[in-house]
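Please look through the sequence and the model below before reading on.

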Amino acid sequence: MPPVAVQLHSLLFKLLLRRRLSSLSAPAPAPAPAPAALFGVSSRPADQRPSPPSNPSFSPASPDGVATKDLHPDPLSSLHLRLFLPNPNHHAAAPVPRPLRRNSFPQRDPAPGQDQLSRRASASFHAVGVSPEPAPAPATRDYGGYLPSAGAARSAARRKLPVIVQFHGGAFVTGAADSAANDAFCRRVARLCDAIVVAVGYRLAPESRYPAAFEDGVAVLRWIAKQANLAACGRTMMRKGTGADSFGAAMVEPWLAAHADPSRCVLLGVSCGANIADYVARKAVEAGKLLDPVRVVAQVLMYPFFMGSAPTRSELKLANSYFYDKSSCLLAWKLFLPEGEFSLDHPAANPLVPGRGPPLKLMPPTLTVVAELDWMKDRAIAYSEELRKVNVDAPVLEYKDAVHEFATLDVLLKTPQAQACAEDIAIWIKKYISLRGHELSY
């Protein structure tokens with residue numbers, strides 16, 4: 001059983017969520033114009049305390065060493081992104097320890113200019129033990145944020161970071177990429193995984209019903225691929241002495257161009273965001289090389305928002321559990337799915353219905369995180385079991401006495417369970433994003 005403070009907060013959360021769902025379910029006085037309906041909304045300020053502003057610099061204002069930036073890649077919709085960039089020069093500036101010899105005799109200091117080599121082999125190797133060049137200081141411009149300089153861009157070839165595309169929770173009708181809780185969670189993930197996190201503020205229901213949020217997820221992958229291709233074309237034309245402006249250099253996101261490695265892309269979904277992540281993973285499998293150079297190497301589904309017409313044991317036992325009870329979730333699905341198409345076995349809700357997309361054996365490695373007191377956990381575990389049956393790496397992490405969104409809600413972010421969950425996720429993700437290939441994992 002969770003602490004009393006969590007139980008009290010759960011009661012307040014349920015009341016506010018029920019009130020929000022009831023207000024959204026009320027009939028609108030007049031239908032919104034078509035352009036407004038397509039544009040949609042990606043946040044509701046009344047749902048949360050003021051969002052923390054973005055801080056695009058590595059300054060004392062960001063003690064965790066993570067810079068943030070807000071982007072709106074599509075002018076025709078409310079799709080919103082917040083980038084989280086860990087300091088790319090943090091590890092480069094760290095001193096390299098002297099390699100040790102295999103024997104126990106003391107080492108003599110090398111002569112000036114002489115390389116420090118290990119005597120583990122009789123042959124010499126280039127660039128072994130050579131001290132790295134001093135890392136260039138982050139460049140800034142008038143806007144006060146980090147902007148990679150030409151020198152930083154060259155050194156970035158050794159500091160390319162994987163990309164984690166994150167989808168927030170909120171039952172498809174609330175939440176935001178820049179909310180206080182999501183901002184803190186993404187900072188933690190960026191720091192632990194040493195990766196660029198792209199938090200997706202997808203369009204919310206009922207203003208934009210299915211498949212709007214799912215299509216926004218696919219659009220973000222295409223946007224990342226476009227950014228990588230534009231940056232590659234720009235570098236090629238610069239080497240040839242041709243101006244790069246004609247290739248849209250002004251449209252290239254500098255953080256991604258200098259530091260992102262889209263071939264190591266991980267999808268991370270929280271609650272209903274896990275449904276979006278799984279859909280995006282399926283579309284990435286179907287697209288294949290059409291998304292080059294983006295390659296989805298793994299996905300993390302945190303307490304997925306899965307449902308189905310046949311109730312599971314946890315749904316019967318924990319239907320009135322903490323934070324998200326079954327009645328509220330049913331109302332959220334009615335607001336999200338198109339009118340007249342409500343079904344708990346809709347492909348967006350039930351991952352086990354046939355005909356959802358490519359065969360499961362083609363899905364990327366999938367880590368599933370579930371909470372002991374979450375009524376939706378059994379269906380998420382069943383989906384993971386189906387993946388393992390076709391030899392997909394699909395472990396399950398279940399946390400005792402945990403509730404839905406235990407690692408991402410603002411009131412629970414500082415709990416030991418939330419911190420341990422983020423660390424466990426980072427350990428597993430590094431198995432697929434590490435360039436060394438020998439990271440420990442489950």
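**Confidence, a helix and cysteines**

The protein chain averages a pLDDT (the predictor's confidence in each residue, from 0 to 100) of 83, and 78% of the residues score at least 70. Over residues 113–142 the pLDDT is below 50, and this stretch has 35 contacts in the model beyond near neighbours in sequence, a contact being heavy atoms within 4.5 Å. Residues 92–107 also stay under 50, with 21 contacts beyond four places in sequence. This is a predicted model, in which local features need pLDDT of at least 70 and side-chain atom pairs count only at pLDDT 80 or more, while totals for chains, interfaces and linings use all residues. Residues are numbered from 1 along each chain as its sequence is written, and side-chain values use heavy atoms, with hydrogens and water left out.

Helix α10 covers residues 377–389, and its 13 residues reach 19 Å from the first C-alpha to the last, close to the 18 Å expected at 1.5 Å a residue; the expected span is 1.5 Å times one less than the number of residues. Helices (H or I, at least four residues) and strands (E, at least two) are DSSP runs, numbered from the N terminus. The buried residues of α10 are K377, R379, A380, I381, Y383, S384 and L387, where buried means under 20% relative accessible area, exposed over 50% and partly exposed in between (1.4 Å probe, protein chains only). What covers these buried residues includes α7 (272–287), β6 (296–302), α8 (313–317), β7 (366–371) and β8 (396–399). Just after α10, N391 takes a positive phi of about 65°.

Turning to cysteines, C193 counts as buried because its relative accessibility is 4%, whereas C233, at 27%, counts as partly exposed. The structure holds 0 disulfides, a disulfide being a pair of cysteine sulfur atoms within 2.5 Å.
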